Amino acid sequence: MNFTVLIVDDEQDFREITGKHLARQGIECLTAESGTEALKILQGKHAIDVVLLDIKMPGMDGIECLKKIKEQHPLIEVIMLTGHASVDSGIQGMKLGAFDYLMKPIEIGPLAEKLADAYQKRKAHKDKIEMAMVKQNMNRPF
């Protein structure tokens, strides 16, 4: 299963270490140090399937970034990362369309599984849309 994750976190060590571990699991990773940078990457040429988004970041926080991602890229799944003090923010993220939220620190195995689940959901949505478009085109008169 090949898919691409965008890791958005202001902690450089977290981005680098998590990216390396996920790459060993066969997951392609891009990184961004801020919500603003993440939105620029999402507008670019890379096909991002899942965003791993930290809630607590300077500037644009994860909740604001999630709102913009869902406005501009509604099919991209987002998993929020939260510390113990911000569980309420994780729940708020779910209400705003996040796939799930996870507590930091997180082990790579469960994280990779959750990312794969989010990817499968995105893929199912895309497949459903494509099938609907095919059916719609088949019903058009020649």
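**Notebook: sheet and helix packing**

I began with a single residue pair in this predicted model, and found that Ile79 has Asp100 of E5 as its bridge partner. Widening the view from that pair, I counted 4 bridges joining E4 to E5, and the two strands run parallel.

I then looked up H3 against the sheet: H3 packs on it by touching E3 and E4, and the direction of H3 makes about 180 degrees with that of E4.

Next I asked myself in what order the strands of the open sheet stand. I read the order of the 5 strands as E2-E1-E3-E4-E5, with parallel pairing. At the edges I find E2 (residues 28-32) and E5, each with a single partner strand, so one side of each is left without a neighbour in the sheet.

For H1, I looked up which strands the helix lies across, and I list E1 (4-8), E2, E3 (50-54) and E4, with H1 running at about 160 degrees to E1.

The axes of H1 (residues 12-24) and H5 (residues 108-138) come within 10 Å and cross at roughly 70 degrees. Since angles of 65 to 115 degrees count as roughly perpendicular, I therefore describe H1 and H5 as roughly perpendicular to each other. On the H1 side I see the contact made by Thr18, His21 and Leu22, and on the H5 side by Ile108, Leu111, Ala112 and Leu115.

My last entry concerns H4 (residues 87-95), for which I wanted to know which residues are buried. They are Ser89, Gly90 and Gly93. Looking down the axis of H4, I find that these buried residues fall within an arc of 105 degrees, so they line one face of the helix. I then checked what the buried residues of H4 pack against, and noted helix H3 (62-72), strand E4 (77-82) and strand E5 (100-103). On the face of H4 turned away from the buried side, I located the exposed residues Asp88 and Lys95. Finally, I followed the chain beyond H4 to Gly97, whose phi is positive, near 110 degrees.

Methods. Residues are numbered from 1 along each chain as its sequence is written. This is a predicted model: local features need pLDDT of at least 70, side-chain atom pairs count only at pLDDT 80 or more; totals for chains, interfaces and linings use all residues. Side-chain values use heavy atoms; hydrogens and water are left out. Axes are lines fitted to C-alpha atoms, for helices over the stretch in contact, and angles run from 0 to 180 degrees between N-to-C directions. Angles under 35 degrees count as roughly parallel, over 145 as roughly antiparallel, 65 to 115 as roughly perpendicular and the rest as oblique. Contact means heavy atoms within 4.5 Å. Buried means under 20% relative accessible area, exposed over 50%, partly exposed in between (1.4 Å probe, protein chains only). The arc is that of the directions from the helix axis to the C-beta atoms. Two strands pair if DSSP finds at least two bridges between them.
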